[in-house]
Amino acid sequence: MNLTISGHHLEVTPALREYVLTKLDRVTRHFDQVVDINVLLTVEKQKEKDRRQRAEVTVHVKGRDIFVEQSHEDLYAAIDQLMDKLDRQVCRHKDRIQDHQHASPKRLEIPAP
């Protein structure tokens, strides 16, 4: 699994990197067929203070790319909400790819009296 954590108008500190890694453990625990993960943490230069911190993640799994983004005034809260969204989408993708068709029960042969 390739993991890229980058920042835009922001320096990614070791504490921030470790926080993202611990949150990603929950997603990779639910679905282990992850090929590539790109995380982008951004501080937007807006005049209003609310929702300046943005976190985006792109997860490449076999057959599909899952993209999630979340904005909040606190970057750690944005990462928490982002991982909740990502976890729901990964679980939904996992349910879709599982084979839900059940084998029909074989007919029981009843011996003739």
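**Core, strands and an aromatic pair in a predicted model**

In this predicted model, the largest nonpolar core has 24 residues, among which Val20, Val39, Leu41, Val57, Val59, Ile79 and Leu86 touch the most other members. A nonpolar core is taken here as a set of buried Ala, Val, Leu, Ile, Met, Phe, Trp, Tyr and Cys residues joined through side-chain atoms within 4.5 Å. Two or more residues are given to this core by each of helix H1 (14-30), strand E2 (34-43), strand E3 (53-61), strand E4 (64-72) and helix H2 (75-97). H2 supplies the largest share, seven residues. As general background, nonpolar side chains in soluble globular proteins tend to be buried together.

Residues are numbered from 1 along each chain as its sequence is written, and side-chain values use heavy atoms, with hydrogens and water left out. Local features need pLDDT of at least 70 and side-chain atom pairs count only at pLDDT 80 or more, while totals for chains, interfaces and linings use all residues.

Two helices and four strands make up the secondary structure, in the order β-α-β-β-β-α along the sequence; helices (H or I, at least four residues) and strands (E, at least two) are DSSP runs, numbered from the N terminus. Strand E1 (residues 2-8) runs parallel to E2, with seven bridges joining them, where strands count as paired if DSSP finds at least two bridges between them. Within this pairing, Ile5 stands opposite Val39 in E2. E2 and E3 run antiparallel and are joined by nine bridges, and Leu40 has Glu56 in E3 as its bridge partner.

Leaving aside residues up to four places away in sequence, Val39 touches Leu3, Thr4, Ile5, Ser6, Val20, Leu24, Glu56 and Val57, a contact being heavy atoms within 4.5 Å.

The structure also holds one aromatic pair. Tyr19 belongs to H1 and Tyr76 to H2, so the pair ties together parts that are 57 residues apart in sequence. Tyr19 is partly exposed at 22% relative accessible area, and Tyr76 is partly exposed at 33% (buried is under 20%, exposed over 50%, partly exposed in between, with a 1.4 Å probe and protein chains only).

Key:
Rings of Phe, Tyr and Trp (its six-membered ring) pair if their centres lie within 6.5 Å; planes under 30 degrees apart count as stacked, over 60 as edge-to-face and the rest as tilted.
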